[in-house]
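Welcome to a short tour of this structure. Take a moment to look it over before reading on.

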Amino acid sequence: MFFTHDTEAALAFAAALTDTAPAASDSGDDELRTVAGLSDLLSRWGFSGRHDRDARELAEVREARDVLRGLWLLERDAAADAVNDLLAEAQALPRLVRHDDLDWHIHAVALDEPLATRILVEAAMAFVDVIRSDQMERLRICDADDCESLYVDLSKNGSRRFCTSRCGNRMAVRAYRARGED
Ligand SMILES: [Zn+2]
Ligand SMILES: [Zn+2]
C-alpha cells in the first residue's frame with residue numbers, strides 16, 4: 001500500500017469526479033449534468049454526509065470538479081500552496097470521527113457542511129499525504145492522445161502511463177498500425 005486506505009480512497013474519488021468531464025468520461029458526455037448523475041456518483045463511491053440534491057449544489061460540485069483537475073496537474077510546490085488555500089478557505093479542522101459502519105478516520109469538515117466543500121477538503125487532506133511523502137508524480141493524466149482521464153499510479157515502479165488497460169490497448173494498436181504504414 002502506497003498511502004493510507006482513506007487517502008487512496010479520497011484520491012480515487014477525486015479522479016472519478018474529474019472523469020465525469022466530457023474529455024475524460026467513458027461515454028464522452030458530461031456525466032455530471034444532472035442531480036441524478038451526481039447522486040449516482042456519490043452512491044457508487046459511498047460518499048456520505050449532506051446531499052441537498054438541488055441545482056446550487058450541483059453547480060458547486062461542478063466547480064469543485066474543475067478545481068480538482070487543476071490541483072491534480074500542479075507541480076508540488078504550487079500544489080502545496082493550493083492545498084493550504086483550500087483548507088484555510090473551508091476553515092478545516094481535522095478530527096477523528098466514527099460514523100455509519102466506519103471505524104475512526106479523519107474528517108476536516110463536518111458531515112453537514114455543503115457537499116462541494118467536503119469534496120474539496122477531503123481531496124485536500126489526501127493531497128497533504130501525497131505532497132509530504134513527495135509523491136505528486138503519482139498523480140497522472142492518461143497518456144492516450146484523446147483521453148484526459150486522471151488516475152493515481154500505485155504501481156511498484158511508477159511506470160503506469162494510461163488510465164485503464166482499455167486506453168493502453170488502444171494506443172498499442174495505434175502504434176502497431178503506425179509502424180505497419182512506414
Ligand atoms: Zn467518513
Ligand atoms: Zn485514458
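Helices and strands here are DSSP runs, where a helix has at least four residues and a strand at least two. With that in hand, keep in mind that this is a predicted model. UniProt, in an unreviewed entry, places the feature "domain: Zinc finger CGNR" at residues 138-179. Over residues 138-179 the chain is 36% helix and 14% strand, and the end C-alpha atoms of this stretch lie 30 Å apart.

Now for the whole chain. There are six helices and four strands, and along the sequence they follow the pattern α-α-α-α-β-β-α-β-β-α. The radius of gyration is 17 Å, close to the 16 Å that the globule rule gives for 182 residues, so the chain is as compact as a globular protein of that length. The C-alpha atoms fill a box of roughly 60 × 35 × 30 Å along the principal axes. Of the 182 residues, 28% count as buried. Among contacts between residues at least 6 apart in sequence, 58% join residues at least 24 apart.

One pair of helices is worth a visit. The axes of helix α4 and helix α5 come within 9 Å and cross at roughly 145 degrees, and α4 passes α5 in a left-handed crossing. Here are the residues that meet:

| Helix | Residues in the contact |
|---|---|
| α4 | Arg 76, Ala 79, Ala 80, Val 83, Leu 86, Leu 87 |
| α5 | Leu 120, Val 121, Ala 124, Phe 127, Val 128, Ile 131 |

Terms used:
Residues are numbered from 1 along each chain as its sequence is written. Chains are lettered from A and ligands numbered from 1 in the order in which they are written. This is a predicted model: local features need pLDDT of at least 70, side-chain atom pairs count only at pLDDT 80 or more; totals for chains, interfaces and linings use all residues. UniProt positions are given in the numbering used here, feature names are shortened, and annotations may be inferred rather than shown by experiment. Axes are lines fitted to C-alpha atoms, for helices over the stretch in contact, and angles run from 0 to 180 degrees between N-to-C directions. A crossing is left-handed if the near helix is turned anticlockwise from the far one by less than a right angle, and right-handed if clockwise. Two residues are in contact if their C-beta atoms, placed from the backbone, lie within 7 Å. The radius of gyration is taken over C-alpha atoms; the globule rule is 2.2 Å times the number of residues to the power 0.38. A residue is buried if 20 or more other C-beta atoms lie within 10 Å of its own, exposed if 12 or fewer, and partly exposed in between; C-beta atoms are placed from the backbone.
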